[in-house]
Structure formats: structure tokens, C-alpha cells
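Have a look at the sequence and the model below. Then we'll go through a few questions together, one spot at a time.

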Amino acid sequence: MSAFAQNYWYVAAWSKEVGRTLVSRTICGEPIVLYRSRDGQPVALADRCVHRRYPLSLGRLTDDSIECGYHGFVFDCSGTCTFVPGQDRVPRTARVPRYQLVERDKWIWIWIGDQSKADPRLVPDAHWLDDPAWASVEDMAHSPFRHSLLVDNLMDLSHETYLHAGLIGTPEVARTPFTTHVDDERDQVTFSRHMEAVACPPFYEKTTGYTTPIDRWQDVFFQPPAFWVNNVRVAPHGTPVGPRGDEGGAHVKIVHGLTPETENSTWDFWAVVRDFALDDDSVSQALLTMNREVVQQDLDALTVLEQVVAGEPAGTQELSVAIDAGGLAAREMIRRISR
Ligand code: FES
Ligand SMILES: [Fe+2]
């Protein structure tokens, strides 16, 4: 059995990464080659030639087909082999798997499991990435640690206080209780932490101009296995909240597409979107720089943790406490959907 939840959409790439050159990427342990056909449609094929398994990504893209770089078999964008050098007949079984893709919100999503089940309606909503009402900065991190470590990390933001002090963490984050909600029907885990009259960390002070004290909300939505959003509201303390429930102040969404690469490595596609200072490049630059630092701090810590976990005997015990409620719920849900 595969180690990964199969029948889900995973972010394969940023749209801008995929063009008329062949991109090789391993997703959920599967080697994939990505490119665009001449009409601009993204294509994903297994990155293994049927002949002697040479990676197709090392071949040549001609029109909409890939010519294998080893002995020249040609595959069209459905994965069907259309030419075998030295003979007229192409064996009927000569084809490589093609994967379903959906390009939406600047992301190219891939369906790794049973291709007949790939339903575009199941692609998570990340419209803020490509919505004129929001400004977005974005990047990705190749992360040399298992997917579950990144899920644990994102589902317990109390670590901001310790790992991200001076950037986004303040003492109040770890100190403030939160509520967790598990929706087993829709396979979603959410948690909320609303802080009142707390310190404004540099991440928000430098970008919104607000100063301490602020009201700061973290409303996290996780759709296992691959999509996570922290819906943030920051506002000068006491700013009224209207009938919609989150009016006033500034809103930021920190968005992650979490894609397993192998059992011990992960692609982290992230964006920070905001609904203020939309045209202010200095704000974009500050958010990009600071979030890269935050991601790097997580990356450094989790790279260490991967070595620790990988070296432990199976069944080594952990101790879980109140702050782990969201993480444990997410783990349980991922276990269930991976069966
Ligand atoms: S390995 Fe691709 S043609 Fe031989
Ligand atoms: Fe973090």
C-alpha cells in the first residue's frame, strides 16, 4: 500500500513553473514530467519511458510530444507511444500513465490516485491567490522531511512563540487557548485562537502599521492531506467587528499546499495574501522576506526532527498535551483517508 492518501488533489507546481520545457518532479513517490502543450494546457506524464525506464524529462519536447533522450521513442500528450525507431509497428502496450491536472488559482493540481475518480470540483478553494481583491506573495520550499512533520507544525501554531520569536511569534500565541473542530463528514479540521489586546509582532507591525495592542485572530482551516489556510485578522485593539463577523482591521491568509515528494521529503507551496496595501510593493517585499524567514526557521527545525524521527526505533512514544489537539485530529484524519 502506498504511504500517501491517493485520491486527492495535490499541488504539483506553480503555474509559472510549467511551460515549454520539461519539468521533472516527484509527487507522492511518483516520478512525473510536466510541460505545456502548444495550446497552453498543462500535461503530466509518468517520467519513466516504457522502454528502459529512462526519465522522459531528459528527452526533447517537440510540438506536443516527448522524444525519449535514450533511444528515441516518442510519446504524445496522452502518454501514448506514437513512434518506435527501427520498426513500423508501435506495440499496443507502449504508453506511459497520464495524470489528471486542474490549473486554478495560479496552482497546477494533480490527481495521483485512481484517474477515473479525479473530480475537479474537489480542488480546494484557493481563489485569493488570483483575486484582484487580494495581493499575493508566494514561493515554495523543497523540504527534506516527511509530510506529517509539516502537518504537525502547521496544526500547532503555539510554536510561533518559540521558533518564530521576533518575526511572527509573541508570548501570547502559546499562552492563549484555542478551540479545535473536526468535521469527519467533509474531512476538515479547523482551529481558532482569538487574542485580544496583545503585542503586534514585526510581521504585522511592518506591514499594517498597527502597533501594540492589537486584536489578533488565527482561524486555521486544514483540508487533509494537502491544503492549509490560516485566516488571520489583525486590528487595533477594540476595532468593532460587524455582522459578517470579521470586519475591521487587516486580513491576511497564509496558504500552504502540502505535497509529499517521497516518504521523507515534502513540497511546501506557500503564499501570503492580504486585503490591504494592495499596490504597495514595499509591503509585498516585507511579507515575502519575512515569510521566507519563517518558512526557513520551520525548515531548519523540521530537518533536524526528521533525522531524529528517522533514527528512532518504531513505536517510540511521544507525549501529547493540550496544544496538540489540532495536530492529533489531523493525524487521525490522514490515517483514515490513507487506508
Ligand atoms: S529508454 Fe526511452 S527509448 Fe529507450
Ligand atoms: Fe512555523
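**Getting to know the fold**

Q: Which residues does Ser158 touch, not counting those up to four places away in sequence?
A: Touching here is contact, meaning heavy atoms within 4.5 Å. With residues up to four places away in sequence left out, Ser158 touches Val173, Ala174, Arg193 and Ile323.

Q: What kind of model are we looking at?
A: Residues are numbered from 1 along each chain as its sequence is written, while chains are lettered from A and ligands numbered from 1 in the order in which they are written. Side-chain values use heavy atoms, with hydrogens and water left out; local features need pLDDT of at least 70, side-chain atom pairs count only at pLDDT 80 or more, totals for chains, interfaces and linings use all residues, and the model is predicted.

Q: Is Ser158 buried or exposed?
A: Ser158 sits in the loop between α1 and α2 (160-163); helices here are DSSP runs (H or I, at least four residues), strands are too (E, at least two), and both are numbered from the N terminus. Buried means under 20% relative accessible area, exposed over 50%, and partly exposed in between, with a 1.4 Å probe and protein chains only. Ser158 has 6% relative accessibility, so Ser158 counts as buried.

Q: Which side chain is joined to that of Ser158 by a polar contact of 2.7 Å?
A: A polar contact is a pair of N or O atoms within 3.5 Å; within protein, one must be able to donate a hydrogen and the other to accept it, and residues adjacent in sequence count only if both atoms are side-chain atoms. At 2.7 Å, the partner of the Ser158 side chain is the side chain of Asp156.

Q: Why can we call helix α1 largely enclosed by the rest of the structure?
A: Helix α1 covers residues 147-154, and its buried residues are His147, Leu149, Leu150, Val151, Asn153 and Leu154. It is largely enclosed because, of its eight residues, the number buried is six.

Q: At roughly what angle do the axes of α1 and α6 cross?
A: The axes are lines fitted to C-alpha atoms, for helices over the stretch in contact, and angles run from 0 to 180 degrees between N-to-C directions. The axes of α1 and α6 (residues 325-338) come within 8 Å, and they cross at roughly 145°.

Q: Which residues of α6 do His147, Val151 and Asp152 in α1 meet?
A: Start from the α1 side, with His147, Val151 and Asp152. Their partners in α6 are Gly327, Ala330, Arg331 and Ile334.

Q: What else does α6 hold: is Ser338 buried or exposed?
A: Ser338 is in helix α6, and its side chain reaches the backbone oxygen of Ile334 at 2.6 Å. With a relative accessible area of 15%, Ser338 is buried.

Q: Which side chain does Ser284 join through a polar contact of 3.0 Å?
A: Ser284 lies in helix α5 (residues 281-310) and counts as buried at 17% relative accessibility. Leaving aside neighbours within four places in sequence, Ser284 is in contact with Val137 and Arg274. The polar contact of 3.0 Å is with the side chain of Arg274.

Q: Which residues does UniProt list for "domain: Rieske"?
A: UniProt positions are given in the numbering used here, feature names are shortened, and annotations may be inferred rather than shown by experiment. The unreviewed UniProt entry gives residues 9-110.

Q: How far apart are the C-alpha atoms of Gly72 and His251?
A: Gly72 lies in the loop between β6 (65-67) and β7 (74-75), and it is buried at 13% relative accessibility. Along the chain, Gly72 and His251 are 179 residues apart. Their C-alpha atoms are separated by 53 Å.

Q: What is phi of Cys28 near?
A: Most residues other than glycine have a negative phi. Cys28, in the loop between β2 (23-27) and β3 (30-36), is buried with a relative accessible area of 4%. Its phi is positive, near 50°.
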